[in-house]
Every structure is written in C-alpha cells, then in structure tokens.
Amino acid sequence: MFKKTITTNYCWDQPKPDWCNGEILERGRLPPRGFVYAYEDALSARRGRPVESGRYLSLNGLWSFAYADCPAETDPHFMDEDFDDRSWDKMAVPSEWEFSGYGRPHYTDSLSVFPVAEVPIPPEYNPTGSYRRRFTLPGDGLLTCIRFEGVESGFHLWVNGRLAGYSQGSRLVSEFDITSLTRPGENVLAVRVYKFTDGSYLENQDMWWLGGIMRDVCLIRRPVSHIGDIRVKALPLEDGGGQLELGIDCVRPRGCRLRTELVRDGRVLWQAEAEAAETQILNTRLAEVSPWSAEIPDLYELTVLLDNPEGPGEAVSLRTGFRRIEITGGLLRINGAALKFRGVNYHLWSDTRGRGADPDQIRKDLEILKGHNVNALRTSHYPQPAVFYSLCDEMGFYVMSEADLECCMCQLFGEPNLFAASPLWEEAFLDRVRRTVLSEINHPSVIMWSLGNESGYGRNFAAAAELAHRLDPTRPVHYEEDRDARTADVYSSMYTGYEKLRELGKQGLSKPHILCEYAHTMGNGPGGLEDYWDLFWAYPRLQGGFLWEWRDHTIRRRNPGTRDRICYGGDFGDMPNNRDFCADGLTLGDGTLSPAMAQVKHAFSPIRAAALDQETGRVQIWNRNDFRSAGIYRMDWECAAEGKILERGRTALPVIKPGEKKWVPLGADLAGLRPAVVTLRFFPGEGGPEAEEIDVCQFFLPENEAPRNFPSPAKTGEAVLEEREGALLLSAAGAVLRFSPAHGTVEAYCLKGKPLLAGRMDLCFYRAPIQNDRRQSPVWEEFMVPYIQPCLLEMEIEEGFAGVRIKKRYTPYTMNWYIDAELVYRMAPDGSFTLRVRGEPQGRLPPTLPRIGLYGPLGAGLERAAWYGRGPGECYRDSKEGSPLGRYETTVDALHFPYAVPQENGNRTDVRWVSFTGEDGGGLLVEAGDTLNFTAHHYTLDDLIQAGHDDELPRREGVWIHLDYAHHGLGSAGWGPDALPKDSLEPRPFTFRWRFSPRG
C-alpha cells in the first residue's frame, strides 16, 4: 500500500510552508543595517531628498491585488511574468486590506486567534493577499535593493517570475538584493502576503489583527562598490568636548577612497579621508560639542562619501547627537543628569487607515506630544517606521525602542514562559531583537532597548539581553517581566499602585525603577496622575514612566446619512475578542485630544509654581528641567476675584538651575486680597503673544473661601403658596416653583410661564460607568446602586415662610441599606429659591457611591452654559489641576465628549455658579454655597447607560442636567489602581445648599 501526499501551493518545496515553519525566519533577506538613503554625491546627500535622487524609487501607490482565505486558494501562477492581472482589484500600498473591505479586522488583547502550541500549527483560515506591480529600471549597471518597512505578518517575493525570498516579522524592515533578477526596462514584482505566520505567535500584542503591506516599499539603487553599514558612537566628554567613533563597512571597496565630514550649522567641524576597507574604524576628538537631549536636541550632520575613480560613487548622510547614557548611583542618567521620563506609550494608528505609516501624521502626533510636555516615548509594542526615529532625533524625545515581540496569551493557560523558555524559539527571539537594534542603532533619540512585552521570562530573553548588550554596549536593556532585573538594566513594572510604588521608591537598589505602563487612559481618565508624579518627585529612584497609551485603536465605519460608527472588538463579528480594550488612548482614533491631555500637560510640566507667599507677594518657582535654566521662560500672572481681574503683570524668570527652586517677586501687593485667585501662566521666554502656554498654576487667597450667603427666604405674603390641580405652587416675582405631592419632587420652575426646569428633579446617586470603573461597577451592581428607588416619607409646608420640607428615603431593590434625605426648598421675594439637602446613608452600605446630586430636565432652548469653576474642558476631583479656575462659556452640545464607549462625561468641577440660557439671554442660574459639579446633555442618563457606541446616543430636544455635590474619582482601574481614598466617594452623611435664580 502506498501513501500519496498531496502538496499545496507552497514555496521552496519544504515539508512545511515557510509561513508556518518555525525553522524558517527568512530566505534571501539582507542583514539588518542602520538605514540611510544613498545618493550620487555629497551635496545631494546633505540635501536629504531621496525622491530627487536617481538612486531611489518609491513603489508606494496602487498595486494589482487578489484576496484569498488561505494560501492554498491563491492562484499558483500569479507570480509569472505573463500572468494577466487586468481583472484584479487595486490595493493601495501602504495599507491594510481590511480597510478596503477584504476579510475582517479582529481585535484581541491577551486572547489568541489561533491554537497555541510550542510547535506552530498552521491555521486553516489564513487570509492571503497576492500583489503585483511593474517598475522600470535604467541600464546603468547599478545594484538594486528592495526595501519593505513592514508587512503583516510575512511574505514571499518574486521578481520577473523568480523567487527572491521570504521574510516575516510584521513591523520589522526586510531588504533583498534583487539585482540578479532584474533587467533594464520593465520588471514585474509579485508579493504574496500571509496574515498569519508562525511569527504571529510572537505578535499577540494588544491590537487588531490585520494583513497587508502596511508600510513603505522602495527600490534603492547602489553602485557595485558601496557603503554597507555605518555605526556611529558620539559621546560628550567632561571637559565639554566630544568623542566621535565611526564604524564603516564597505562592499567591494578596492581602489576607493572614503571621505567623511561632520557639519553643524553650516560649519565643518571635522573632515577625514582614508583608503576604503571592508571594515574600518575612524575616530576624532572635538574640542567643543553641544550634547543632545530631549530638551536640547542639537544634531550634527555626518556625510560619508565613497569615491570610486573607476565608476560611480556613493554618498550617505545622517544626523547624530552627542549624548552619554549610563546608570550610576542607581539612577539612569543622560549626560550626567538623572532623568524623569514624562512618557507615553506610542502606537501609530488611524481609525481610517490602521497602522499604515503616514509621515505627516507621525509629525503631527509628535508636535502635539511635545506641546503637552511629553519627553519620552515607548514604541509599544514594536518598532516604528524609520521616519519616526528621525523626527524624535530632531524634535527631542527619549525613545525606549521595543522589539516586535509579545505572546501574552500564554498567561491564560498558566504557561507564561512557554515560548520564552523553549529552545525552539530562541532564534526567533534573537532575530527580532537583532533587527531592532541594528536598524535603529544610530539614532540619538533611542536611549534604551526593550526586548518585548508580556511574554514571560526564560532563557530566550536572557540570550536576547546578552545579544543587545553585545551589539550595542552603550544603551541599557529593559524588559518588564524580568522582575528581578537579572539581565535587564532597569527594574520595571506596570500599573503599580501608589503604596507599592512608595515602597519601591524607598528601596536602595543599584538599578532605577521605571513604570513602562501606568495611569491607564481608557475612556474618561486617568485620575490620580498628579499623585503619581508626587511620588516620582519624592523618590529619585522612581524615574517616571510611560502612560498607557497615546491613541484609541478604534476603527471608523462610515454610515451614510447618519453618524459614523466608532468600532471596537466584536463590531465586525470578530470572536473571541477583548471588546473595548482597544479604546484606551489619550486621543480618539481620529486624533481628537481627550480632555485628559490638559492634565497630562500640567503633570509633565518642566516648570512649576510650587508655593505662594501672600504676605510678600513672592512665588516659589521650581525648575523641573534636567538641563535648561528657568531663564528661558516668562511668567504672565493675574490676581482675580470671581473672574474680575484685580492686578496683572509679566515676569521674566531668572536663572534657576535644573532641579532647583527659587523665590521670585511678582511686584504686587497681595497681602490684603481675600478672597482671590492668583493664576500664573508660563510661556517660552522668546515666544510672542501667540506662544503656546507651557503650564498654568493657581493659588487661592485665602485657600478655603467661606461658604456663600444667600438671601433670606420670603415670609408669607411676600410669596404665594397654594395648592392647585393636585400640585403645590410657590410663586414670587413672576416665578413659579411647582411640586408634586405624590412624588415629593420639583416638577417645574417657570418664569412668566417659560419653563426653566421642565420636569421632575430628584436626587441621583448613579452614573453611566466609565471604563475605569471596572472594579467599582460590579460592586455597585452587587449593592444595587443602579436601581435605587425614591420613597416619599413626609412632605410639609414651613409655617411662616414660603418653604417646603420633604423627607425621602432612597433605597435599592432587595438591599437593606438606604439613604435618608431631607430636602428643604425656600422661595425668596425675587423669585429665586434655595435648596438645602441633608442626607444620611444607613445600613450595610456599599464601599463607594458613583455620585450624589440632583438630576432632571431643563426648559427648552437653554442651550448655552456659562460657569465660574474649573475648565474649559472636562474635569473631575482627581483630574482637575490642569483645568484652571475661571469663567467659561460653551454650548450644551460641546459639553459632550464622544468617547468610543459612551460613559459619564462632560463634568466640570469646583464650580461656584453655572447658568443655562437661551438666545435671548434668559434662563437659569445655579449658585453653590460651596462648590458643585455639573454636566448637561441632549440625552438622558438611561440613554448614556444603554448606548454601546456614540452614534447610538440620541440627540433629544430637551437638555438633562446633573448638578452634583460630589463624584467618585476617575482612577485608572481599567487596568491600573482605583481612585485613591481621598478621591473616593464614600457613603457618609452629606449636606449642601444651592440657590436657583431666574435670569432675564
């Protein structure tokens, strides 16, 4: 009996296809190198415009494309030169094919979309894209290299019908020498892309599974004799000079001369010429250099020319910076200064393009981050396009560059070290780290290598750390799951709680501690960011960290005729999934900044007003820079009461060394001012009136203002109290306050027949859960907080005053706890009324409440909100320091923030008064005896709770308002710690007093 093996359309005639053969990582791929564009001459190289060079050809654009559900279903002859692809569709390169309607996106965080085994198992469903395009080459005798910056997850390449090679590793560069396969004139490229390879086992990052050629593709033309690689080591010296070392590899250098030149600001600092060799080291010492740092990103331009008297030469140019990275005294230092990483985890994303690289978007992202005082980026969880690192060099960011490696799914079945400890996977681990290090080694912005993320720990990470140290001894190595820092140079942790972080700060270890992820920014949040930074500043060993994360990974689905659907896991039928965990950024998927960015900007500020001495009129300025003097800033200040400016001025800050504090006079007499608010705004000293504000700080004089006094209530006769048609009415000066005796609530408040409050107003204790309520929400459900029902106990008229006293019990279904409340309404002769509320929670209480306040509808047409409180954007009790106290005004529509998952939003806190008015200026004014919070929306609380996407929220004609005594803090418990006790709303006795007045 004979057994017949049926072979499918696989390459290289292997028992297993390359894309699921763990022993095959590449075929024909060139070794990784520090990438530079090649030019014909030094002048062109210095200009740095590859599109103008005859040595560069972009292959971006429309390619012919065919899609299949698995490799075996692709056309076996599609790579042939004469294959007819005229019936095929067109696909943009770079792009991911799911955004053009092929296949479907699938979102997971820790879940895997294929079976997990130490030996890879090929998935039956493996979407595969076949690409074809033509290009033309001159007959100039140059070599031709093709460069792919990123293909998800692997691909085979054919040129003119012949196989050029294979590569995998989605976000890693792949280069192939295709000279022997090309010819002068027209050539045909064919690429088959596999969405899943065995490499996908190491790419189980928190993101969408997508497929396609998702980064740039280009041809690089080079002479036979050319520069193979350059390695730059530029170190500042203690005497102010600098040491420059170049390692240069040349290909076929015989008879060639090597010329090098270092230039800054048009001035040549160093030139050298030598006979070219296959490998050589050049050194020079400069008398004076300006060190590179994120604060002062001074760059030098290095040009290397390979001069070939017998043929075409080649020139390359790159920018370098002099900076030294070291760990001494248990601290990581740049140029001797111990850093604080004001960092963000950066993930390139567009909700209409996915991970496709767009240099304009990258630059815009970095400009926004720089403008919000961010100084560090972790490339979570894979290398970024080459342009990203060049921009970080230029703009000034410290980069933790992370290898494209994560297999967190192993945690789910209790074997977190499955791949990290397996010898079968060692070379795959090393390949990803090697390609990361050697590709980015020349960028001064890269100050640390990260071996990957959430993949357990074992022999393969130890080997990877050794490899990174050997390839680049100048930079430290990070890996968070090396918990004891056995091979890593820094200790690292994620989402560490405040008390644990305090303990870590006190430890006297020889390595620093960095939070590679913290302050989960999912949805409405994070709260407690300022508290984290209090700890970072208190303990030198805590050197900051990286917020999780920069952008929501949501996908925009067009809905003609209505609002677009902002999609997350499960919205494409992708099962299993991790639902909305991809919506966890400081910006929405389209780049819209979340309200949290105001708090980030304040927490990360390099300059801070630390204290104010009211008696002497001085402010203590804290320079939180690492290198720059505070003298580069100016301070604009004003002193105001209830928004009315009493005094103002401008002060140029003196020289204050990095890390130091100094008292600076404002030149104003503040001693007798009370109450008032002193606001200090910091700007670049050289900036004009439109310069972007760096930070704002405020001090309150006195710190605690006295509660506001309201007019005395009307006596009987000054206001009318009557019963009519089953309702109780209080009226004065044309205003009528209507009560329902059946419910013990205000039913309406009108001025001359115009409703200001247009429906039942009652106490409310629940909020639409925010994504960071993930720990609190189950407890609130357990205690039935969403199902609190009011019970009227007593309602009586106050004798001698136009007042109504109401006693109610607010109790949830089933539970044996409740809140007894007394609400006292009193009308004043001018038609305003005051509300005093006293509440006492009793029984077996929940540990926290979401909110305590009043909820109900406004009258029609009251579409503008104005207030004196914190703003202008959304703010809460543990996320408010970046929102200064002031007078603000906006529309009700603008108070809504469109988080991907509808949730509590739009609150303004520390509000003394708020008004809601219509086009005629008439409306309602609410004043707090102390302070209140408010929100106003064109949808109800139930609408917000029930909606799964923002486009599901109706825009109702009415406006519903929350006037809150207090809110539970935001925290960052989507994945981090909950709100601190000081910011938690515990169910304790409460009292508040507000005044409602008609306007107009």
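Q: Where does aspartate 951 sit?
A: You'll find aspartate 951 in the loop between helix H11 (941–946) and strand E59 (960–967). Helices (H or I, at least four residues) and strands (E, at least two) are DSSP runs, numbered from the N terminus. This is a predicted model, where local features need pLDDT of at least 70, side-chain atom pairs count only at pLDDT 80 or more, and totals for chains, interfaces and linings use all residues. Residues are numbered from 1 along each chain as its sequence is written, and side-chain values use heavy atoms, with hydrogens and water left out.

Q: Why is aspartate 951 called buried?
A: Buried means under 20% relative accessible area, exposed over 50%, and partly exposed in between (1.4 Å probe, protein chains only). Aspartate 951 comes in at 16%, so it counts as buried.

Q: What is aspartate 951 in contact with, leaving aside neighbours within four places in sequence?
A: Asn559, Arg563, Asp564, Arg565 and Ile566. Contact here means heavy atoms within 4.5 Å.

Q: What makes serine 832 count as buried?
A: Its relative accessibility is 2%, so serine 832 goes down as buried. Its place is in the loop between strand E52 (818–827) and strand E53 (833–842).

Q: Which side chains make a polar contact with the side chain of serine 832?
A: One is that of aspartate 830, at 2.7 Å; another is that of arginine 995, at 3.3 Å. The rule asks for a pair of N or O atoms within 3.5 Å; within protein, one must be able to donate a hydrogen and the other to accept it, and residues adjacent in sequence count only if both atoms are side-chain atoms.

Q: Why are the buried residues of H6 said to line one face of the helix?
A: In H6 (residues 498–506), Tyr498, Leu501, Leu504 and Gly505 are buried. Looking down the axis of H6, they fall within an arc of 115°, so they line one face. That arc is taken from the directions from the helix axis to the C-beta atoms.

Q: What makes H6 roughly parallel to H7?
A: The two pack at an angle of about 10°, with axes 10 Å apart. That makes H6 roughly parallel to H7, since angles under 35 degrees count as roughly parallel, over 145 as roughly antiparallel, 65 to 115 as roughly perpendicular and the rest as oblique. Axes are lines fitted to C-alpha atoms, for helices over the stretch in contact, and angles run from 0 to 180 degrees between N-to-C directions.
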